[in-house]
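Trainee: I would like to learn how to read a model of this kind with care. Could we go through it one feature at a time?

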Amino acid sequence: MLSADDPLPLRPERVLIAGVTGSGKTTLARRIADLWDLRHVEIDGLFHGENWTPRPSFLDDVRAFAAEDRWVTEWQYTSKGTDEILAPRAKVVIWLDYPYRVVRGRLLRRTLGRSILRTRMWNGNVEKPIWRMFSGDPEENIIAWQTLTLHKWTERMPGVVSEQPHLLIVRLRHPRETERWLRAQAEASGVSIAPPKRRSRDR
């Protein structure tokens with residue numbers, strides 16, 4: 001497993017971004033897509049149909065893009081069967097293993113902002129009303145879901161390492177490490193990256 005300071009021995013063509021809800025997987029996936037000229041497939045957009053209904057074609061759509069040569073996506077919906085499709089095809093996993101205060105703060109800001117602004121997301125869906133944040137059901141309350149799955153990847157990674165030995169795993173423990181790692185990859189690739197938005201709470 002590599003750290004933020006270890007050079008990559010290859011230029012990745014198929015990348016998975018792992019991390020708890022709210023860690024910034026999609027934002028990083030977009031930046032990596034630009035950095036390495038990969039197709040970013042936002043997996044939430046494949047899963048959620050109208051009115052937050054799961055799309056019947058979800059796994060078929062995952063298989064279709066996983067068969068392509070160059071992509072980056074978020075490693076999610078593992079209980080729905082994505083592991084068997086994505087892990088064997090991927091080459092690199094970027095694991096955002098951030099502190100609780102960072103991921104909780106990011107998720108609260110994102111959820112409140114989307115709910116208040118009624119931000120339109122995948123397939124016409126908008127964030128659920130704020131009062132849902134007080135529901136104890138993780139299926140209804142994304143904050144409760146984050147709490148339930150907070151240690152998911154810490155518990156899973158030893159198994160990933162042993163079961164998928166072909167995967168190169170990069171563990172990033174703080175947004176500052178991620179920015180340092182991105183700068184190093186950009187320098188190695190001879191490209192420039194957009195400066196990060198300042199987040200005082202991520203210090």
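Trainee: Where does Thr-21 lie?

Mentor: Thr-21 lies in the loop between β1 and α1, where helices (H or I, at least four residues) and strands (E, at least two) are DSSP runs numbered from the N terminus. Residues are numbered from 1 along each chain as its sequence is written. This is a predicted model, in which local features need pLDDT of at least 70, side-chain atom pairs count only at pLDDT 80 or more, and totals for chains, interfaces and linings use all residues, while side-chain values use heavy atoms, with hydrogens and water left out.

Trainee: Is Thr-21 buried or exposed, and which residues does Thr-21 touch?

Mentor: Buried means under 20% relative accessible area, exposed over 50%, and partly exposed in between (1.4 Å probe, protein chains only). Thr-21 is buried because its relative accessible area is 16%. Leaving aside residues up to four places away in sequence, Thr-21 touches Val-103, Leu-107, Arg-110, Ile-142, Trp-145 and Gln-146, a contact being heavy atoms within 4.5 Å.

Trainee: How far should I trust the coordinates?

Mentor: The pLDDT is the predictor's confidence in each residue, from 0 to 100; the protein chain has a mean of 86, with 83% of its residues at 70 or more. Over residues 198-203, however, the pLDDT is below 50, although this stretch has 13 contacts in the model beyond near neighbours in sequence. Where pLDDT is low, the predicted coordinates should not be read in detail.

Trainee: Which residues of α7 are buried?

Mentor: An α-helix has 3.6 residues a turn, so residues three or four places apart point the same way. In α7, which comprises residues 152-163, the buried residues are Trp-153, Met-157 and Val-160. Seen down the axis of α7, they fall within an arc of 70° (taken from the directions from the helix axis to the C-beta atoms), so they line one face of the helix. The face turned away from that buried side carries the exposed Glu-155, Pro-158, Ser-162 and Glu-163, whereas the cover over the buried residues includes β1, β4 and β5.

Trainee: Which residues touch the most other members of the largest nonpolar core?

Mentor: In soluble globular proteins, nonpolar side chains tend to be buried together. A nonpolar core is a set of buried Ala, Val, Leu, Ile, Met, Phe, Trp, Tyr and Cys residues joined through side-chain atoms within 4.5 Å. In the largest one, of 26 residues, Val-15, Ile-17, Ile-32, Trp-36, Val-72, Ile-94 and Trp-181 touch the most other members, and α1 supplies the largest share, six residues.

Conventions
Expected span 1.5 Å × (residues − 1).
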